[in-house]
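Please open the model in your viewer and keep the sequence panel beside it. The tour moves from one selection to the next.

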Amino acid sequence: MLTDKLTEHPTNQPTLLRNAICPYCGVALNAGNTTKEHVVGRRFVPKGKLENQWNLIVRACGPCNNRKADLENDISAITLHPEYSDMPPGHDAGTIADAQRKAKNAISRRTKKPVKDSQENIKFSMPFGGSATIGFNFTSPPQIDQDRACELARSQLAAFFFWLTYQKEEERGRFWREGCYLLMMTRRADWGNSIMVDFADAVIEWEPRLILHTADGFYRACIRRHPTADCWSWALEWNGTTRLTGFFGDKGVAQAIVDSLRKLPMDHHDLGNGDYIRSRIDVPLDPESDNLFQA
């Protein structure tokens, strides 16, 4: 695991901060509102995967800690769900059993049902042979609510950025300027799409400030700084199934990079009478070409 100036940190023990303000909201901490916070939640990854592994432990206010734990609950269950994507490496029998338990007990905030019962159906029909129609019914695995995913990503990134800029004498770190912007959230089967590939290539030469692989590979993170602007790229990988990418800082710089990325190609099929269907097939990523979390 590497941070500023590519300093290597021990992989078998956490980093602890004795910060005086909450890294999520900036409120001053005191004996009445301080809680111990694991930035990579111990129950966010499969059971036991953070034992003797690196983690960032900070002090946070109770409301922020509780809110982040609520976000982690269903997002962890969904990203570990066995139907969410092709089984990634490391999904052993214990991990699968943990995933099944979480899918049973966690409630999807999107469907209000247990994650195991939160598959979503998409139905549509098209003309077939004159006046007849043919119907299609697609079933997807449980889906993550994007607003919740963005909030959890922002929380994790805020804590990492706070640590990267932490001043021990002041017992506090920085908060980035402007906003945090999600470029794309995608499942493992589509990690090779043009936007994800172009994003990785566009920022690969930026200064790496955090390259993180922990929890036996079930959690990965990357933060890079633009060579001249106050703009940072970021990427997260949750439980080997879900990747999120984006920027924080100068929105204009980030937007210029986004505008340079190839658009996702869509197949267009006319159905007659002005109706049509557009679709795109998932694009898997060749592991040999995967440079998103490369130092």
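Predicted model: local features only at pLDDT ≥ 70, side-chain atom pairs only at ≥ 80, totals over all residues.

Residues are numbered from 1 along each chain as its sequence is written, and side-chain values use heavy atoms, with hydrogens and water left out.

Colour the protein chain by pLDDT (the predictor's confidence in each residue, from 0 to 100): the mean is 89, and 88% of the residues reach 70 or more. Confidence is lowest in strand β4 (residues 120-127), at a mean of 65, and highest in strand β9 (residues 231-238), at 98. Helices (H or I, at least four residues) and strands (E, at least two) are DSSP runs, numbered from the N terminus.

Next select the open sheet of three strands, whose order is β1-β3-β2 with mixed pairing; two strands pair if DSSP finds at least two bridges between them. β1 (15-16) and β2 (34-38) stand at the edges, each with a single partner strand, so one side of each is left without a neighbour in the sheet. Between β1 and β3 (residues 56-61) the pairing is parallel, over two bridges, and isoleucine 57 in β3 is the bridge partner of leucine 16.

Finally, select aspartate 70, which lies in helix α1 (residues 62-79). Leaving aside neighbours within four places in sequence, aspartate 70 is in contact (heavy atoms within 4.5 Å) with Arg109 and Arg148. Aspartate 70 and arginine 148 are 78 residues apart in sequence, and their C-alpha atoms are 9.7 Å apart in space.
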